[in-house]
Amino acid sequence: MNERRPPRSSARELERYAGLFAARTRVMRSSAMRDLMAITVRPEVISLAGGLPDTSTFDPALFKELLCRMPSAAALQYGPSEGLPGVRDAIVSVMAAENMAVDADEVIVTTGGQQAIDLVTKTLIDPGDVVIAEAPTYPGAVPTFCAYEADVIQIDVDSDGMKIDELEETLAGLDGAGRRPKFIYTIPNFQNPAGVTMSLERRRRLVEIARERELIVLEDNPYGMLRYEGEELPTLRSLEAPGPTDENDFVIYTGTMSKILSPGVRVGWLVAPRPLLAKLILGKQSTDLCSSTLAQHFVSEYFASGDWRPYVAELCDLYHRRRDVILDALAEHLPAAARWTRPQGGLFVWVTLPEFIGTTDLLARALAENVAFVPGEAAYADGRGRHSMRLNFSSSADEDIREGVRRIGKIVAEQVALYDTLTGHRGRGGDDARKAAEPPPLPQEPDGERMANILQLPRRGSSGGRRSREA
Ligand SMILES: Cc1ncc(COP(=O)(O)O)c(C=O)c1O
C-alpha cells in the first residue's frame, strides 16, 4: 500500500514554481464564494454565503424521467461550440418570456453565465483596459476581470441601481485622460450582491449612453425571472432592440439556467451583436470546445417536457417567503446602526454594518459560530466594502435563516459592545441607538463620499409593517 506523503510547506512549494507563473497570476484573485464552499459544505454550518437556488424543489421523478429520455449516443458525444439547437431554442423562449426577440443563431450556449463573463472579458480586454462595473458588483466577476488584468472602475449603486450621473462623470473623466472603457458590466435586476434593481429611467439613459458613445454594455441577467414583487422592467437588450427585426448594436446579453432550473447543469448563454459572435465562439473553442452535451440534452429534454414557467413561479413564491423571513430576522437581531437592502426579487440582501466592524474579520468569528456570509470586499476590486456583507436567503430553510441571522446578530452585538467599551462611545450601534426613533447616520468609510453613497441607500416603499432599517 502507498504511504501517504506528509504535506509540504506551501510557501516552499510556491517558491519552487515561482519562476514559472505568468505575470497575470500576480493579479489573480480567489473567488470568495468558491473558497467558502469548502467550509460551508460541513452540515453543521448554516451558509448564507452561496448564491445557491433551492434545487431540492425540483421533482425527482421528472429528473429521472428526463435522464431516461436522453438519447445516449448523442448525449455522450461532442457537440457544436455554439450549443445544441434544442437548447438554443429553449433560450429563445426564455428570452421571449422577458420580452426579448432573438434568433437562435444569435445565441451561444456557454458553460454557465460565468463562462459568458469570462469569454467577453477574454475577447475584449487587453491588460490595463477599463471595465466599468457596479459598486458593489458580482463577486464572481471580480476575479475574472482581475485575471485579464482589466482596470476595474466601479460606479456606486443606490436603490435604483447604478448611478448613471456618476457613470457619466466617470466617462467624461476617462475621455479627458484619453481612455475609453471596453465595456460596462451591469446586473440590472435584483443585483448580486446588493439585491437592488435599476430603474426604468436609468435603463433608458444607459442604453442612450451606449448608443451615443458606441460603448458595449454587458447585461448580466440571471435573476430577471425571479421577481416576486413590483412591476417587471424591460431589459437593456429589449430597450436597445425592441422589435424582432431591430439591430442590437451595443448590448451583449448573458443569461443562465442556473437560477431557473439548475446551476449543476452549467448551462448559460450569450447573445451578442453579430460582429462579436464569431470572436466569442473562437474564445469558447479554445476554452472548452463545447459545453457539456450531456447537460445540454438534459436542458433540452426539460424544455421539451412541458411548460417551464410554473416551476419558476414556484421558486418565486419560495424565495419571496424566505426574503420576508430574512428581513424580519435582520430587524430583530441586528443593531440599530445596521442597514440592509430590500430586494423585490432574486436571492440576496446586502447588509452594511457600522464602520468599526470589518466583515472579513467578522467572518472568522462567524465560522466559529457555524454561520457563513460573503464579506463585502469580495464585491469590489479596490478594497472597498469592508463593512458590508452579502446574505443569501434562497437555499436555507426558514428556521436556518432565522438561526443564521441570530448568530450573526450575536457576534455583531459583541463587536458593538467591545467598541463601546474601548471608546466609551456608548450607543454608537448598541442599545441606545436601537431605542432612537431614527437611526443615526451611518458612518462613512475612510475614502469618504463614494462609500457614503453605498451605505445610505434611500428607503423604498413600506416593509409591510415589519420594522426595517433598509439601506
Ligand atoms: C450576476 C451573476 N452572474 C453570473 C453568475 C454565474 O452563474 P452561472 O455560472 O451559475 O450561470 C452568477 C451566479 O451566481 C451571478 O450572480
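User: What do I need to know about the model before we start?
Analyst: It is predicted: local features need pLDDT of at least 70, side-chain atom pairs count only at pLDDT 80 or more, and totals for chains, interfaces and linings use all residues. Residues are numbered from 1 along each chain as its sequence is written, and side-chain values use heavy atoms, with hydrogens and water left out.

User: How many helices and strands are in the chain?
Analyst: The chain has 17 helices and 14 strands. These are DSSP runs, numbered from the N terminus: helices are H or I with at least four residues, strands are E with at least two.

User: Which residues are closest to the ligand?
Analyst: Gly-113, Asp-220, Tyr-223, Thr-256 and Ser-258 are the closest, out of 15 residues that surround the ligand. A residue is near a molecule if one of its heavy atoms lies within 4 Å of it.

User: Which helix gives the most to that shell?
Analyst: Helix H6, residues 112–124, with four residues.

User: How much of the ligand does the protein bury?
Analyst: The protein buries 93% of the 390 Å² that the ligand exposes when taken alone. Accessible areas come from the Shrake-Rupley method with a 1.4 Å probe.

User: Is Cys-146 buried or exposed?
Analyst: Buried, because its relative accessibility is 11%. Buried means under 20% relative accessible area, exposed over 50%, and partly exposed in between, with a 1.4 Å probe and protein chains only. Cys-316 is buried too, at 8%.

User: Now Arg-322. Where is it?
Analyst: In helix H13, residues 309–333. Arg-322 is buried, with a relative accessible area of 7%.

User: What does its side chain reach?
Analyst: The side chain of Arg-322 reaches the backbone oxygen of Ser-394 at 2.6 Å.

User: And what else does Arg-322 touch?
Analyst: Its contacts include Asp-54, Phe-393, Asp-398 and Ile-401, not counting residues up to four places away in sequence. Contact means heavy atoms within 4.5 Å.

Terms used. A polar contact is a pair of N or O atoms within 3.5 Å; within protein, one must be able to donate a hydrogen and the other to accept it, and residues adjacent in sequence count only if both atoms are side-chain atoms.
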